[in-house]
Amino acid sequence: AAMGAVSGFLSPIINTFFIASSFSSENLYPHGSHPITDYLWSGDNHKLVHHGCDLNRLEKTRHISKNELALKTLRVCWKHPKDYNCSKCRKCALTMMALDICNSLSKANTFKTTDTNDLIDLAKSADFVNKASRIYFDELIDGYQKKNPENPILLQLRETRHKQFFKIANENIKSLCSKIIKTIQNTKYNCFAKNTRFKLNE
């Protein structure tokens, strides 16, 4: 909605707006933006384009890692704007690990550390309960696995994910129960409405 409002306001001078995808097409789910709905915010004089869902976050980082200017100016942190990149929050952790997989973290001087032990510490606090976060960290696990199955950062990510397994299972059970309850409620309502209409027509 915010992008729709901004694009409408700027439409007299800009006619095409790109919304960067949050996930690749294989991991799509409702999350702020979506390729099926983003274009609906287009107007008579401008259009919105959902861009980049053919690549996941790690694959996008591979492209960035090849650009020297991008590495020198890369900024992803929003929690601590005064630090440019705090190198501790989730977005910093995801980006630093992705760059590490791409052998480019040492070239990205906007981050405060390139030390493996620091990345291991970040892996200890990786969030696998939140669905979006889990998708991103799982991509990193796949990336490290292909690069080096014995990487200590990979081993820590796996350990962290294992420890959070029951929390993840609990969230999935809650989601499933919620869907079942809604289905039962809708079924009861539809039956009630049908019976009411039948009695009214008698």
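A salt bridge is a side-chain nitrogen of Lys or Arg within 4 Å of a carboxyl oxygen of Asp or Glu. Asp-121 and Lys-124 make one, with their closest N and O atoms 3.7 Å apart. Both sit in helix α5, three residues apart, which means that about one helical turn separates them. Helices here are DSSP runs of H or I with at least four residues, strands are runs of E with at least two, and both are numbered from the N terminus.

Before I go on, some housekeeping. This is a predicted model, in which local features need pLDDT of at least 70 and side-chain atom pairs count only at pLDDT 80 or more, while totals for chains, interfaces and linings use all residues. Residues are numbered from 1 along each chain as its sequence is written, and side-chain values use heavy atoms, with hydrogens and water left out.

Back to the salt bridges. The structure holds five of them. Another one joins Lys-72 to Glu-68, where the closest N and O atoms are 3.2 Å apart. These two are four residues apart in helix α3, residues 68-73, so again about one helical turn lies between them. For accessibility, buried means under 20% relative accessible area, exposed means over 50%, and partly exposed is in between, using a 1.4 Å probe and protein chains only. Glu-68 is exposed at 56%, and Lys-72 is partly exposed at 46%.

Which residue forms a salt bridge with Lys-112? That is Asp-83, with the closest N and O atoms 3.8 Å apart. Lys-112 is in the loop between α4 and α5 and Asp-83 in the loop between α3 and α4, so this pair ties together parts that are 29 residues apart in sequence. Lys-112 is exposed at 54%, and Asp-83 is partly exposed at 36%.

The loop between α3 and α4 also holds Tyr-84. Tyr-84 is not a glycine, yet its phi is positive, about 70°. Ser-87 is in the loop between α3 and α4 as well, and its phi is also positive, near 65°. Buried or exposed? Ser-87 is buried, with a relative accessible area of 6%, whereas Tyr-84 is partly exposed at 31%.

Now the inside. A nonpolar core is a set of buried Ala, Val, Leu, Ile, Met, Phe, Trp, Tyr and Cys residues joined through side-chain atoms within 4.5 Å. The largest one here has 38 residues, and Met-97, Phe-111 and Leu-157 have the most contacts inside it. At least two of its residues come from each of α4 (90-101), α5 (116-124), α6 (131-147) and α7 (152-163). The biggest share is from α4, with eight residues. Contact means heavy atoms within 4.5 Å. Beyond its neighbours within four places in sequence, Leu-157 touches several residues, including Met-97, Phe-137 and Tyr-144.

In α5, the buried residues are Leu-119, Ile-120, Leu-122 and Ala-123. They are on the same side of α5, because they cover an arc of only 160° around the axis, the arc being that of the directions from the helix axis to the C-beta atoms. Among the parts covering them are α4, α6 and α7.

Last, the strands. Two strands pair if DSSP finds at least two bridges between them. β1, residues 16-20, pairs with β2 in the parallel sense over five bridges, and Ile-19 stands opposite His-50 in β2.
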